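Notebook open. I wanted a quick look at the fold, the surface and the core.

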Amino acid sequence: MIFTDQDYGQLQKLMDESPENRALLQKLLDSQHYTLSKVTHEIRNPLALISSTVQLIESSHPEAASFRHWDSLKEDIEYMTRLLAELSSYNNGDRLNPVRFSSYDFFGRICLSFAASCVNQDMEFTSCLSPFLPEITGDQVKLQEVFLNLLKNALESLSPGGSVRLEAREEKDCIVVRIADSGCGIPAENLEEIFDAFVTHKSGGTGLGLAIVRQTVEAHHGTVSVESAPGRGSCFTVTLPVS
């Protein structure tokens, strides 16, 4: 069983009622973490063997690449591999290894990395980083996953010639990061659920990317929100406390 965000909200209320509730429910949550970790581990190993076997078959028998459903088989293996990786990230999204670091340097690296990945794309990427961005405490690896995930989603929403922009500045003892795109936008009826786990309206999506984003941001005591409309693009806003 995987708890939904609503389940976590109810559990948190129960945990706040008494120390006994908190101790009991924490054991339940720890048990879920352990179970998901064990399941993903047990599936990942044989899946890796299957992937290696498929590559070996294609290497030894190149004609296999022309077999019916061969490409679908490889795509399914890639999807399952990605799903397991994202499930593992989701399971451990609230477990941080925080360090103190320069947010200006951090976002500079994010922008350079994303710009390099878009060099052959028919799109425009711009960034605006305040030179006065302060140091913050957080898990750099997981925060990098958050912002590259949002940038990747923005890129995938674009038509040829579209644009993506990242802005970061300090506002009221918080770092506010806005990632805006000129893409297809999100229908109003989908906005309330896009951060829920296993909800996706994208072909080939796992439904975990934005759930991981919110989980990681909230583990850093921050917030994430979105404004969007079909045909008018989207703007995701992430707020992280400085201290």
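I began with the surface: the protein chain exposes about 14300 Å², and 54% of that comes from carbon and sulfur atoms. Areas are Shrake-Rupley values with a 1.4 Å probe, and for residues only the protein chains shown count as cover.

A note on ground rules: this is a predicted model, where local features need pLDDT of at least 70, side-chain atom pairs count only at pLDDT 80 or more, and totals for chains, interfaces and linings use all residues. Residues are numbered from 1 along each chain as its sequence is written, and side-chain values use heavy atoms, with hydrogens and water left out.

Next I looked up burial. I found 37% of the 243 residues buried (under 20% relative accessible area, 1.4 Å probe, protein chains only).

Then the fold. I listed seven helices and seven strands (DSSP runs: H or I of at least four residues, E of at least two). From the N terminus the order reads α-α-α-β-α-β-β-α-β-β-α-α-β-β.

Which residues have the most contacts inside the largest nonpolar core? They are F107, F147, V164, L166 and I179, in a core of 38 residues. A nonpolar core here is a set of buried Ala, Val, Leu, Ile, Met, Phe, Trp, Tyr and Cys residues joined through side-chain atoms within 4.5 Å. Helix 5 gives the most to this core, seven residues.

I also checked V164. Beyond its neighbours within four places in sequence, V164 is in contact (heavy atoms within 4.5 Å) with residues including F114, F125, L151 and I179. Apart from this core I noted another, of six residues, among them L47, A64, I77 and L84.

Technical notes
Buried means under 20% relative accessible area, exposed over 50%, partly exposed in between (1.4 Å probe, protein chains only).
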